[in-house]
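Please keep the sequence and the 3D view open while reading.

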Amino acid sequence: MADLLLGLQWGDEGKGKIVDVLTSNYDIIARFQGGPNAGHTLEFDGIKHVLRTIPSGIFHSNSINIIGNGVVIDPVVFKSEIDGLSKFNIDLKSRLILSRKAHLILPTHRLLDAASETAKGKAKIGSTLKGIGPTYMDKTGRNGLRIGDIELSDFKERYRALAEKHQAMIKFYDVNIQYNLAELEKEFFEAVEALKQFTFIDSEAYLHDAQKAGKTILCEGAQGSLLDVDFGTYPFVTSSNTTAAGACTGLGIAPNKIKEVYGIFKAYTTRVGSGPFPTEDFGEAGDIMAKVGNEFGSVTGRKRRCGWLDLVALKYAVQINGVTQLMMMKGDVLSGFDTLKVATAYQYQGKEIDHLPYNIEPENVSPVYKEFKGWKADLTGMHSYDELPSELKSYIEFIEKEVEVPIKIVSVGPDRKQTIMR
Ligand code: GDP
Ligand code: IMO
Ligand code: MG
């Protein structure tokens, strides 16, 4: 059996922190989609780590970390992650293994991402520009290169053929993208050499055997449900299935082998990049959330847009993923507000609705809010549910009642220790 952990909003919910907290209960941590567009932050012993491709269980000596077939890997970013971890004396080569079927991000995929975004102008997605979209396009277009191809004698020729095709495509966009391919390729092939020192596996078979042997597996999602290519706010989404089904296709774990689905959400909402965000707050409240919550992208450093919790969107994500347990993050950031707002419905075409419609652009929906009394207490030093202010407990209990799933973890700070289990 495997459990699954994923984000229910627009990413950055705190997945990295919670995977790290839960890892001691699991033999295997497996990333199933996305790539270096992700930035998963872990904090403990006064140190902050941001992981991009490497699963968030890497700091625990008892667990094996797998990068699954659904992930797209940029060797250059992967190498920089490895280099960054070198000072921690982790036996990475035995604890980190890669699926042969995971696709490779080429330097030209990154350039194509930049060309596509530039060509879109004002309509740009706000991509992290890590080459994610173009790499998944090559995967579904059946042109991609995979980790397993590195082991083939003609890898360089295959690389060359694809990179040349990409160069022609970059020209087609007719935008001014400056690059020095020779330099980028030097860096790429050096990183490929570093990658080769790791074990490549057929991860679906590995995970099948692990399940048979009774090993426990935690699947780690990246991004969030509202960025899912099918169910998110298309076209302002990422290029993979970030929802529960993505764990099955991204690891080869059968649907009936998934047990708990942990859904993570912030006590408010953030979004980075373009696209609709019904509960976005453009006033003082949004600014306070951004400042107190330190809402700057872990990958791009961009300021995250902030707003109130959206229960319409949260319920939608819970349904699509079959969430069995919720984890509420960053409650501490809301301390100090006199009044909190939560969207419980949308005003849509003259009616009040409580589901996510096809189009949630501002001209189509406006949120209907319920107000809650805020609390003043600093939560960051609290260790048990009993200690929490009664107003926060009412907030939590209201969400549970609306969404019909229990909140099992309340996170009150970025550190591993600032985690309240219920
Ligand atoms: P992920 O992509 O889902 O792993 O989330 P990120 O790491 O991109 O963003 C979450 C940010 O919030 C990180 O800077 C975390 O250190 C921080 N964080 C996580 N949980 C809490 C919390 O409960 N309170 C506060 N104040 N910060 C938190
Ligand atoms: P984690 O795993 C937040 C957003 C980008 C952009 C859109 C498409 O850290 O939660 P892409 O680079 O995939 O082409 O970008 O998706 N995005 C994220 N936002 N957290 C992430 O990952 C994200 N990964 C992509 O900002 O709007
Ligand atoms: Mg993140």
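Of the 20 residues around ligand 1, K15, T41, S298, D332 and S411 come nearest; a residue is near a molecule if one of its heavy atoms lies within 4 Å of it. This is a predicted model, in which local features need pLDDT of at least 70, side-chain atom pairs count only at pLDDT 80 or more, and totals for chains, interfaces and linings use all residues. Residues are numbered from 1 along each chain as its sequence is written, chains are lettered from A and ligands numbered from 1 in the order in which they are written, and side-chain values use heavy atoms, with hydrogens and water left out.

**Ligand 1**

- A backbone N or O atom of K15 lies 2.7 Å from an oxygen atom of ligand 1. A polar contact here is a pair of N or O atoms within 3.5 Å.
- T41 brings a polar side-chain atom to 2.5 Å from a ligand 1 oxygen atom.
- For S411, a polar side-chain atom also lies 2.5 Å from an oxygen atom of ligand 1.
- On its own, ligand 1 has 590 Å² of accessible area, and the protein covers 94% of it. Accessible areas come from the Shrake-Rupley method with a 1.4 Å probe.
- Helices (H or I, at least four residues) and strands (E, at least two) are DSSP runs, numbered from the N terminus.
- The shell of ligand 1 holds four nonpolar, eight polar and eight charged residues. Ala, Val, Leu, Ile, Met, Phe, Trp, Tyr, Cys and Pro count as nonpolar, Asp, Glu, Lys and Arg as charged, and the others, Gly among them, as polar.

**The pocket of ligand 1**

- Ligand 1 sits in the second largest pocket; that is, more than half of its atoms lie within 2 Å of the pocket's grid points.
- On a 1 Å grid over the protein atoms alone, a pocket is an open set with protein on both sides within 12 Å along at least five of seven lines, a cavity is a set of points where a 1.4 Å probe fits but cannot get out, and lining residues have an atom within 4 Å of a point.
- The volume of this second largest pocket is about 550 Å³. A volume is the space filled by probe spheres set on the points, which are joined across faces, edges and corners.
- Its lining has 28 residues, with T41, G293, R304, K330 and P414 nearest the centre.
- At least two lining residues come from each of α1, β3 and β4 (47-51).
- By class, the pocket lining has seven nonpolar, ten polar and eleven charged residues.

**Ligand 2**

- Around ligand 2 there are 20 residues, and D12, K15, H40, T128 and T238 come nearest.
- A polar side-chain atom of K15 lies 2.7 Å from an oxygen atom of ligand 2.
- H40 places a polar side-chain atom 2.7 Å from a ligand 2 oxygen atom.
- For R302, the distance from a polar side-chain atom to an oxygen atom of ligand 2 is 3.0 Å.
- Ligand 2 exposes 550 Å² when taken alone, and the protein buries 97% of that.
- Its shell has seven nonpolar, ten polar and three charged residues.

**Cavity**

- The structure holds one cavity of 30 Å³ or more.
- The largest cavity contains about 40 Å³ of space.
- Its lining is L8, Q9, W10, L226, T269, D310, A313 and L314.

**Backbone**

- Y234 and P235 are joined by a cis peptide bond, with omega about 5°.
- P235 lies in the loop between β10 (217-220) and α9 (245-251).
- N294, not a glycine, has a positive phi of about 50°.
- N294 is in the loop between α10 (284-292) and β13 (305-307).

How values were computed. Polar contact = N/O pair within 3.5 Å; in protein donor to acceptor, adjacent residues only side chain to side chain.
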